[in-house]
Every structure is written in structure tokens, then in C-alpha cells.
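User: Hey, I've got this one open on my screen and I'm new to reading structures. Can you walk me through it?

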Amino acid sequence: MKKNFKKNVILTVVLVLALVLEMFLAPVAGTKTVSADDSGNPDPNFHIYIAFGQSNMEGNPKVEAEDLEIPDNYYMMQTADNHRERKVGEWYPAVPPLANNNAQLSLVDYFGRNMVYLQQEENPDIKIGLIVVAVAGTSIQGFDKDNGAAYYANSNTDWLKGIAAQYGGDPYKRMTDMAKLAQKDGVIKGFLMHQGESDGGDPTWPDRVKKIYNDMLADLELGDNIPLLVGQTVGNGNQNIKNLTKESDDNFYEISSEGFNGDVEHNNGVHFTAAENRAFGLRYAEKMLEVQPQYTWGEPVYEWSADNTTVKASRVCNELPFYIQEETVNVTKKVEKEAAIGVEGSVVYTSDAFQNAAFTQQTKTEKIPALVDNTPQQTVTPAPDANAPAVEKVLKVSAVKCKKNTKKITGKVSEKGATVKIKVGKKAAKKATVKGKKFTLKLSYKLKKKTKVTVTVTKKDFKQFKKTYTVK
């Protein structure tokens with residue numbers, strides 16, 4: 001008994017010290033820690049995941065000393081009211097608990113840290129942020145946009161109401177409110193759910209989950225490629241979860257709990273042990289890395305300096321037009337043929353290799369003008385040909401974005417002052433709003449998949465640009 005008491009005292013002291021350190025080390029929301037740059041754009045390397053559910057997402061086993069060690073660049077946004085040090089809507093190092101003031105160690109703790117560990121070698125700039133809203137014992141109705149608040153208000157269970165009260169009595173609203181704040185700092189890449197112990201056998205459960213998913217996509221203005229990872233309950237046999245992921249949206253994925261027996265030592269067949277949560281979180285992370293939306297890129301553009309001493313490569317992200325990768329390398333000059341009187345020479349410029357594998361080494365050859373005999377000679381300059389056709393400069397368009405279920409079309413032109421007209425399907429072409437080089441056409445309706453969108457760009461002294469895109 002004395003040994004156990006001493007052990008508990010030591011663990012309690014460690015946890016208290018960790019919380020004190022967290023208070024002093026926690027970053028403030030919106031600081032350089034989690035924002036991209038001074039332009040105010042979100043950081044494309046700050047990946048945000050929204051996690052919700054009941055007790056296993058909230059966390060049941062006690063936090064142990066090993067759980068307090070987290071990687072750099074791993075954050076949580078405080079979602080629950082009345083925490084001692086954390087303020088709702090601000091980022092902090094993701095030291096557990098993450099969900100609310102009742103929470104302990106959850107599978108999402110180890111999801112987040114593994115998302116850092118598994119990516120940091122390939123992408124040292126990666127940052128992971130979690131938004132966790134969980135209510136132990138809740139029905140899936142507790143996360144419904146339209147009925148969740150009433151579900152808690154009408155509940156006869158005081159402790160259930162008490163947990164929901166930490167989220168203002170409406171977990172869905174708190175979750176999406178926090179997500180909208182987070183989108184100022186980073187990019188939402190996926191949803192995690194662990195719920196079903198309370199009502200996972202209800203035949204209406206899959207449709208309720210789909211509604212929550214679709215409501216979040218709409219409220220957060222996300223594309224239709226955001227994955228939802230749904231963890232199995234203890235025993236790995238919840239048929240509704242299997243049906244949801246097999247027969248529904250391609251973006252729904254089942255995370256197996258095979259091999260996890262729950263807290264058998266304490267006769268608890270509902271909650272995972274600390275060790276199982278650590279392993280379960282890794283399973284979630286491995287699946288998320290497999291299925292989360294990846295950035296795609298436009299073709300690289302290479303720009304030589306005026307004196308041919310450097311080359312700058314750049315490419316624009318198709319999903320985030322403000323996200324531009326750039327790299328500048330030095331150039332080596334080699335004279336292949338010396339110029340002589342009346343004879344041209346040549347010089348080859350070769351860039352150094354780029355670190356970004358998307359960029360290829362560049363070379364170009366230029367002529368060296370032939371040397372001129374210093375003997376004065378009379379030269380006759382021919383009169384310009386008035387009938388020669390004028391050389392038209394070329395307009396270019398990049399980063400055109402026209403996705404289904406959105407109400408706007410955006411892109412970028414190569415020249416300021418251009419006029420952009422856009423035709424959607426068989427509708428009459430409309431003039432887009434152009435600011436600088438960026439253009440936007442706002443629609444009164446949502447774009448449908450496979451609709452043809454024709455962009456026509458004109459400017460005086462430039463050749464007209466016209467291209468048709470297909471809504472994806």
C-alpha cells in the first residue's frame with residue numbers, strides 16, 4: 001500500500017509540473033508559431049484535424065509520464081470552457097488531455113504525435129494541429145448541427161449536460177467555430193471520429209454520421225475530398241461502422257480495433273487501455289497519411305536573372321493559389337566557342353541542381369556576337385517595313401480553380417489590366433472581377449461536376465487567350 005501511495009504521489013507531481021510548464025511554454029494563437037507569413041495567408045504546412053466522439057475520443061485511462069513528451073510543432077486548440085490556464089480558441093502544445101476538463105489519455109493524442117513523427121523527415125516544416133470535441137456517453141445526436149443543443153438541453157443526465165456545457169451546450173457549433181478560427185492559421189486535412197458505444201447499433205446511425213460530415217464540409221467550405229476516419233469500438237464488430245465505410249462515401253474509412261480487448265484488468269470492456277490508445281492513434285495516423293488530400297502543382301516556371309548568374313524556379317499549388325514554392329540557384333558559365341572577326345561564338349549557361357525534386361536543372365546557349373573589324377565602314381540601315389505584321393505578346397493564365405459545389409471561379413493572369421470573361425456551360429459569358437493579376441467570378445449557383453468553363457482573356461497589344469476547363 002505504501003509503495004502504491006508513493007508511486008501515485010510521484011506521478012501526480014510529474015503531471016502538475018507538466019501543466020505548469022505548458023502554461024509558460026504554450027504559444028499564443030495567431031503568432032508566428034502557427035501562421036504562415038506576414039501576408040496573412042494560412043500556413044500550408046500546418047495541417048489541422050478535427051476529432052469528435054464520446055468517451056474513447058475524450059480519453060479514459062490516466063495520463064502517464066511518457067505521454068507528456070510530445071514532438072515540436074504539435075499543437076491543440078483549446079475547445080472547452082473554464083480550463084485553468086488555456087483559453088478557448090488559442091493554440092497550445094498538445095500536452096494531454098486535449099478534449100475537455102474531464103478528459104484523460106485519448107487515441108487522438110497519439111494520432112497527432114505520429115502525424116509529426118511520420119512526416120518530419122520528409123517535411124521538416126510540418127506542423128500538426130488538433131481540434132478535439134468529445135462528450136463521454138453521448139449519442140451521435142449530440143453532434144447534430146440542428147438537434148444537438150436540444151439533445152443536451154432535454155437530457156435527464158446531469159453529468160452529460162455538464163460535459164456539453166463546457167462546449168457552450170452545443171458541441172457541433174463549438175467544433176465548427178474553432179475550425180473556422182484554425183483555418184486562418186492552417187489547412188484542414190481530415191476528420192477523426194470515435195463514437196458508437198452508446199448507439200452504434202441504431203439503424204439510423206450511419207445516416208446521422210453522414211449528415212454531420214456533410215454539414216461540416218458545407219459550414220467550413222471544404223472540398224469533397226476530406227476523409228473521415230471512423231474507429232471501431234472494443235471488439236472490432238460494430239456492423240454500422242463497417243456498413244458506413246463500405247457502402248457510403250469514398251471518403252469514409254474504418255480503423256480496426258482488432259487485438260484491443262479494452263481495460264480487462266478493471267472489468268471495463270468499453271474503454272481502451274493507455275497502451276491500446278497509443279497503438280490505436282498510430283493506426284489512425286497511418287491511414288490518414290494514406291488517404292488525406294495531397295497538394296497538386298502547376299508546371300514549374302524558370303526565370304533567369306538579367307546577367308544569367310542565377311535561375312529562380314517556382315510553381316503554384318492548384319488547391320492553394322497563395323502557396324508558391326520557390327528556389328533560386330547559381331549558374332555556371334562556359335564558353336564553347338570564342339568569337340572572332342566575322343564569326344559568332346557561343347556560351348552555355350548551366351544552373352546548379354535544385355533541392356526540390358520538382359525542379360529540373362536548366363541550361364541555355366547564347367550566341368556571342370562576332371567581332372567587328374575596326375576599319376570604319378559605311379553602313380546602310382534599311383527602312384522599316386510598314387507592312388510587316390506586328391508581333392503580338394502572349395497572355396497566360398494559371399491556377400484556375402473551378403470545383404464542384406462551389407460558387408466561384410478563380411485564377412491568375414500573367415498581365416495586369418487584362419479583361420477576363422468566363423462562360424459556364426451554355427450560359428452567357430460574364431465579366432470576372434480582376435484585382436492585380438488575380439480574377440474572381442462569383443456565381444449565384446453551385447458548379448456541377450463535368451461542367452465546361454471557358455476563360456477568355458484579352459488585353460490591348462496582346463494575343464487573346466482562350467481555354468476551356470472541366471469542373472472536377
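User: Where does Pro 97 lie?
Analyst: Pro 97 is in the loop between β3 (91-93) and α3. Keep in mind that this is a predicted model.

User: And what kind of peptide bond joins Pro 96 and Pro 97?
Analyst: A cis one, with omega at about 5°. For background, most peptide bonds are trans.

User: Is Asn 82 buried or exposed?
Analyst: Exposed, because its relative accessibility is 72% and the cut-off for exposed is over 50%. Asn 73 has a relative accessible area of 26%, so it counts as partly exposed.

User: Back to α3. How many of its eleven residues are buried?
Analyst: Ten of them, so α3 (residues 107-117) is largely enclosed by the rest of the structure. The buried ones include Leu 107, Val 108, Tyr 110 and Phe 111, and also Asp 109 and Arg 113.

User: What covers them?
Analyst: Several elements, including the strands β1 (46-53), β2 (74-77), β4 (127-134) and β5 (187-194). The helices α2 (55-58) and α9 (274-291) are part of the cover too.

User: What caps the N-terminal end of α3?
Analyst: Ser 106 does that. One of its side-chain oxygens lies 3.1 Å from the backbone nitrogen of Val 108.

User: Val 108 again! What does it touch?
Analyst: Leaving out residues up to four places away in sequence, Val 108 touches Ala 51, Met 57, Tyr 74, Leu 98, Leu 130, Val 132 and Leu 192. Val 108 is also among the residues with the most contacts inside the largest nonpolar core, along with Phe 111, Leu 130, Phe 191, Leu 192 and Leu 228.

User: How many residues does that core have?
Analyst: The largest nonpolar core has 71 residues. Another core, of 22 residues, lies apart from it, and Val 397, Ile 422, Leu 443 and Phe 462 are among its members.

User: Switching to sheets. What's the strand order in the five-stranded one?
Analyst: β8-β9-β10-β11-β12, in an open sheet with antiparallel pairing. At the edges are β8 (301-304) and β12 (363-368), each with a single partner strand, so one side of each has no neighbour in the sheet. From one strand to the next, the twist averages 30°.

User: How many bridges join β9 to β10?
Analyst: Seven, between residues 310-316 of β9 and residues 324-337 of β10. Within that pairing, Thr 310 stands opposite Asn 330.

User: Which strands make up the open sheet of four?
Analyst: That sheet runs β14-β15-β19-β18, again with antiparallel pairing. β14 (397-401) and β18 (433-435) are its edge strands, each pairing on one side only. Here the twist averages 20° from strand to strand.

User: What stands opposite Val 397?
Analyst: Val 413 in β15. Three bridges join β14 to β15 (residues 408-413).

Terms used:
Residues are numbered from 1 along each chain as its sequence is written. This is a predicted model: local features need pLDDT of at least 70, side-chain atom pairs count only at pLDDT 80 or more; totals for chains, interfaces and linings use all residues. Side-chain values use heavy atoms; hydrogens and water are left out. Two strands pair if DSSP finds at least two bridges between them. Helices (H or I, at least four residues) and strands (E, at least two) are DSSP runs, numbered from the N terminus. Axes are lines fitted to C-alpha atoms, for helices over the stretch in contact, and angles run from 0 to 180 degrees between N-to-C directions. A nonpolar core is a set of buried Ala, Val, Leu, Ile, Met, Phe, Trp, Tyr and Cys residues joined through side-chain atoms within 4.5 Å. Buried means under 20% relative accessible area, exposed over 50%, partly exposed in between (1.4 Å probe, protein chains only). Contact means heavy atoms within 4.5 Å. A polar contact is a pair of N or O atoms within 3.5 Å; within protein, one must be able to donate a hydrogen and the other to accept it, and residues adjacent in sequence count only if both atoms are side-chain atoms.
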